[in-house]
Amino acid sequence: MTARPKIPALLCAALLWFGLAFSLALAEEAPRLNGVALVIGQSGYRHLPPLANTGNDARALTQLLTGLGFEARTVADRDAVKLKRDLERFAEDAEGADVALIYYSGHGIEAGGENYLLPVDADLAALEDAGERLAPLSATIEKIRQSVPVTILLIDACRTNPFPPGTLVKTEAASPGVPIGATGLGAPKGAVPVEATAATDTLGIVIGYAAEPGHAALDGAEGANSPYAAALIRHLSAMKGAEFGTVMRMVTEEVYLKTQGRQRPWVNESLRRLLYFGATPEEPKGEEALITGERRQLLLTIAALPDAGRLQVETIAKDGGVPLDALYGVLRALGEKQMPQDPEALEKLLRDQAHKLKTMMAERKALEADDPEITRLAAAADRAIAEGAIATARQFLDQAVTRVAATQGAVDRAEAKLKAKRLADAAVYARRASAGGLAFDYFAASQDYEAAFDLAQKWDVDKAWEYKMNAASMLQHQGYETGDKQTLQKSIEVYRQAFALTSRAGDPQGQWAATQYDLGNALLELAILEDSATRYEEAAQAFRATLSVYDHKTKPQDWAAVQHGLGTVLHTLGRKEQGTAKLHQAVAAYRAALTERTREGFPEGWGQTMQNLGGALYAIGTRENSEVFLNEAAAALRAALEVRRSDLAPIDWAVTQYNLGLVLKSLGKLKSDPALFDDAASVFRSALDATPQTRFPVYWTKIDKALREASRLSDDARRKQAASRNALSGDLRARDPDAWASAKYKVGTGLLALGGNDLTAERLEEAIAAFHVVLEIRSRETDPEGWAEAQYNLGRALYKLGRRESGTARLEEAVKAFRESLSVQRQESTTLAWAKTQDELGRVLQIIGYRKNSTADLEEAIRSTQSAIEGFQIAGTPVDLQGAERQLGLTRSLLDLARKP
């Protein structure tokens, strides 16, 4: 990247002009001059590209010059003969005039130091005899100068060369050719001061080009005027108070600004006195007069800037994306006193001002006013800023503010009435929303609350927040009750919109914390549906943020509710992760909640928190093999049962009973105590009796399975105790085969539970051998459930080993074991176990199909996985369900690949 040139010193010097009044010579300093003018507009070229705006330019300049007191004649679309005759005739008719002015708009070229005006019949052949078929400019200049004191030529012919590159121009057929300038016209011959010994009292000559020599000029938008013609039209009217040279500097800078620095006219001036004209065309009036007046001051100030200073302003305007005119105007408005002398400070100031200007212009685009006068004044200020007339813009805005202040009282009264009407309308929508919620039409209720929010948000931020929160709550109810993840996600988005209306600082009504709490609950519900650790973490973050505001002394029950919610999140995360750190944090959160959720003050909440505390303690106890934590869990659940009574809330009571049974069963395993298994079976049985099988089939099956397992464990424990008492010596397998089988089963499942590097092929072989021993003792006829479980676990061990080995022998043995297990398991009675076996069978068949490129095995894998998905849906196990769905997608992809030739 090219470094930006460091030029602030040059700019500082030039900026001394900003803020200073520009002194102009008064009209009385010299007699005013009268003159003649020839205006030529060439547009309808026959062999060259036509020009759209030259006719408009010529007509407008003729009207302007006539207003200035010129005797102006207009000609258009002249061929070579007529154009040369027009120029010759004008030079003759101009004799005796004070000023002769030619304005030309059309194509022009430069070759060999001569500038040529192109007639409309010019073609490539005309270049072979340019002296006759084109119109050389130097001869006309010289002829006029001999007879007129002041000669002015304004040439808007600096467009791109219309002829092919490399074309030569000959002044006559026999002369050698010279190349055409690539762009624009060149410095003209004769553009030098005349000698004092000339035949007439020559005062000088002014030659103005629309662009600098060698540069192209713009034609302007079609149907308008070229930038050069537009500038002449705008500023020649300043002749009333400014002499001609000053006006031409205005024209030059006007074109420079309007083209954003792409075009800058060129003037060669050799006048020996100030030049004024007699008549004055009508100047702009009103707002436009103010804008134009300040803009002319700006143009003259810019004219004094060196090129280096211009470059700095142009660069900053381009980088900042602001109009060049406006940035020059802002700079001029700063004035000399505020201008930094340090170059770096000046650079920074300019860039800061450009940023402020851009911001202000963007804000203005959004401004709307009901008062037409304010709208008009604001629009006038916009025009002034765009023209760089910053002081004038401030005048317009001062008037607008004065009008605003004058009408403020009436507006305030009208606004108060409007506020009352809007809030009353919002209350009607909110009332209908409440009715919709009572009728469980949560979507309609949410929409009504949103409508109430739209009406209230401008007038009452507290009410608006309340309506937005209610809209989110309705969506949360809908999503939770229907299990619709998308609706819950939408409720979370709306809660976050409500949160954007709050502020933690200065929040006397606690809206910030209340929104965090409700957001946390919605995230928790979505986390449960998605079984997503990320969602749980987001919920925990929201609850912790709430606790940073809530205090158990000032908001005890709210604080306790948040502690309970945080405990639930940590409890769930702890069950998903290894170790017990988060489970211990959950216990701490539950116990904190219980300090305020007392049995006497809030029995329902106390019972729920005690139940959850028991669950967290149970998870710690099983992972740490801790009798202490398991006993604490049992105590917590028994306490919960004191308020969760079977006659008041039978289902809640049954859930707590079931959890208590799990704790007692774990204690029984830890202590090998058949009495604890008996207690667990009794608790499971009472829970089963309170759970209607037809209404809760999955949960009923879950309790029934736990009951049968507790009964079996009780029997196993008794047999083991008896075997221990009688086994002084001899073979345990011969003396108590069932105890031997149980021991081997525990060995096999224990080995399968190993993870990482501990689960070696040798360990898997040992587990396979243990399950084979179990199957030798437990038969399908005598113990169908135990036999099916052993077949299932044998299949798992063979599957894990088969994945490590090449070929499919072990995997096919696993398929056989899973099918044996499915011969006993039933979807109706053992739903979850059946679904898990179907899932494992699908995974094994998938690998076999992949390794053998067998579409039959892959198709069977798909059928098994589909059965597993159906079972997991019935059992209500989302984690298993998601895993099976991913497995199904992968198997289908493999089948598509296998089917391709």
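## Strand pairing and burial in a predicted chain

Of the 901 residues of the protein chain, 49% count as buried. The model is a predicted one, and its secondary structure comes to 34 helices and 11 strands. Contacts between residues 24 or more positions apart make up 69% of those in the protein chain with a separation of 6 or more. The accessible surface of the protein chain amounts to about 42400 Å², and carbon and sulfur atoms account for 53% of that area.

The protein chain has an average pLDDT of 80, and 84% of the residues score at least 70. Over residues 1-30 the pLDDT stays under 50, although the model has 59 contacts beyond four places in sequence for this stretch. Residues 189-200 likewise stay under 50 in pLDDT, and for them the model has 20 contacts beyond four places in sequence. Where pLDDT is low, the predicted coordinates should not be read in detail.

Strand E7, residues 150-156, has seven of its seven residues buried, so this strand is largely enclosed by the rest of the structure. The cover extends to both faces of E7, with Val150, Ile152, Leu154 and Asp156 buried on one side and Thr151, Leu153 and Ile155 buried on the other. Strand E3, residues 99-105, runs parallel to E7 and is joined to it by seven bridges, with Leu101 having Ile152 of E7 as its bridge partner. E7 also pairs with E10 in the parallel sense, over six bridges, and here Val150 has Gly204 of E10 as its bridge partner.

Strand E10, residues 204-209, is in turn joined by four bridges to E11, and these two strands run antiparallel; within this pairing, Val267 of E11 is the bridge partner of Gly208.

The pairings described here, including one from a separate sheet taken up below, can be set side by side.

| Strand pair | Sense | Bridges |
|---|---|---|
| E3 and E7 | parallel | seven bridges |
| E7 and E10 | parallel | six bridges |
| E10 and E11 | antiparallel | four bridges |
| E4 and E5 | antiparallel | four bridges |

Three strands form an open sheet in the order E4-E5-E6, with antiparallel pairing. Strand E4 (108-111) and strand E6 (135-136) stand at the edges with a single partner strand each, so one side of each is left without a neighbour in the sheet. Between E4 and strand E5, residues 114-117, the four antiparallel bridges include one in which Ala111 has Glu114 of E5 as its partner.

Thr252 lies in helix H7, residues 244-258, and counts as buried because its relative accessibility is 9%, which falls under the 20% cut-off. Leaving aside neighbours within four places in sequence, Thr252 is in contact with Arg264, Pro265 and Val267; Val267 is also the residue of E11 that bridges to Gly208.

Helix H15, residues 442-456, has 15 residues that should span 21 Å at 1.5 Å a residue, and its end C-alpha atoms are 21 Å apart, which agrees. The buried residues of H15 are Tyr442, Ala445, Ser446, Asp448, Tyr449, Glu450, Ala452, Phe453 and Ala456. An α-helix has 3.6 residues a turn, so residues three or four places apart point the same way.

Methods. Residues are numbered from 1 along each chain as its sequence is written. This is a predicted model: local features need pLDDT of at least 70, side-chain atom pairs count only at pLDDT 80 or more; totals for chains, interfaces and linings use all residues. Side-chain values use heavy atoms; hydrogens and water are left out. Two strands pair if DSSP finds at least two bridges between them. Buried means under 20% relative accessible area, exposed over 50%, partly exposed in between (1.4 Å probe, protein chains only). pLDDT is the predictor's confidence in each residue, from 0 to 100. Contact means heavy atoms within 4.5 Å. The expected span of a helix is 1.5 Å times one less than its number of residues. Accessible areas come from the Shrake-Rupley method with a 1.4 Å probe; for residues, only the protein chains shown count as cover.
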